[in-house]
Amino acid sequence: MTQLDHQVHSISPEVAGSRIFKFIAFLYGIAAYLVFFVTILYAIGFVMGLVVPKTIDTGTDTPTAEAVIVNLLLMSLFALQHSVMARKQFKAWWTQFVPKPVERSTYVLFASLSLLLLFWQWRPLPAIVWNVENPDLAVTLVTLSFAGWILVFASTYLINHFELFGLHQVTNHLVGKEMTPPRFRTPLLYNFVRHPIYLGFIIAFWAAPTMTAGHLLFAVVTTLYIFVGIALEEHDLVALFGDEYRQYKQRVSMLIPWRRSL
Ligand SMILES: C[S@@+](CC[C@H](N)C(=O)[O-])C[C@H]1O[C@@H](n2cnc3c(N)ncnc32)[C@H](O)[C@@H]1O
């Protein structure tokens, strides 16, 4: 790499350490967090068919095969972005170009943008798979779906909400504090299942009084992706925490508190 290439492609430690850069990085982290927050709120409306202008069951009428292909491509793009950018090797490569303090914020921003693209371009598949007529049962399912979203939010706070979404990193950078190495933690719900955030998503996606073909496609593919995500994440967690995590896997089930195997 020539000297010029190096100047173009990477940010020198002097620049990264300067006050103005720290402040810009902080603002960028906040902006990325706000984009994430709007995206997750939109996701609730999109999946539940509430409030937002474009939901999982609305949008351009498209022939079934085309709708399935477009939707699968949109979900694959998100899955690819999410999984590849979370890998250690990828992080080592792209932090040559993206300064380390904003690496997590950039990941969060890209994940949000690929989700917003999915919401925008999603093609409805309106065929009804099930429709719960009993009003009590319908209300129970909507409540359960809300409970799933609450489980997602609550669990992010348990594990470390601000670090997960990059704010901790840019704040520490701003005040000149080093990030502490990741710690293995099992707060509250993590003593019942190893993945309460993912469990929350599964509940939120499946608990629907009216399940259309489009919503079902979304629920099936995201659930499969969650299982792949768990395998990748646990591989990394074992590499990071070793026996501590191996023992945790034996002690606590993956998603269903009363079923050790899952
Ligand atoms: C989106 S969070 C999902 C956490 C968990 N899988 C869940 O569903 O609640 C992913 C991050 O949490 C970290 N993580 C997961 N379990 C953890 C634990 N028990 N202690 C510390 N970090 C953990 C992973 O390393 C990863 O950076």
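**Exercise 1.** Determine which helix gives the most residues to the shell around the ligand.

*Solution.* H10 gives the most, with three residues; helices here are DSSP runs of H or I with at least four residues, numbered from the N terminus. The model is predicted, with local features requiring pLDDT of at least 70 and side-chain atom pairs pLDDT 80 or more, while totals for chains, interfaces and linings use all residues. Residues are numbered from 1 along each chain as its sequence is written, and side-chain values use heavy atoms, without hydrogens and water.

**Exercise 2.** Identify the polar surroundings of the ligand.

*Solution.* Step one: the ligand is surrounded by residues including Arg183, Arg185, His195, Tyr198 and Glu233, where near means a heavy atom within 4 Å. Step two: a polar side-chain atom of Glu233 lies 2.6 Å from a ligand nitrogen atom, and a backbone N or O atom of Arg185 lies 2.7 Å from a nitrogen atom of the ligand. Step three: a polar backbone atom of Tyr198 is 3.2 Å from a ligand oxygen atom. The protein covers 80% of the 570 Å² of accessible area that the ligand has on its own (Shrake-Rupley method, 1.4 Å probe).

**Exercise 3.** State what covers the buried residues of H4.

*Solution.* Buried means under 20% relative accessible area (1.4 Å probe, protein chains only). Among the buried residues are Leu74, Met75 and Phe78. The cover includes H5 (88-94), H6 (103-121) and H11.

Conventions
A polar contact is a pair of N or O atoms within 3.5 Å; within protein, one must be able to donate a hydrogen and the other to accept it, and residues adjacent in sequence count only if both atoms are side-chain atoms. Helices (H or I, at least four residues) and strands (E, at least two) are DSSP runs, numbered from the N terminus. Buried means under 20% relative accessible area, exposed over 50%, partly exposed in between (1.4 Å probe, protein chains only). Contact means heavy atoms within 4.5 Å.
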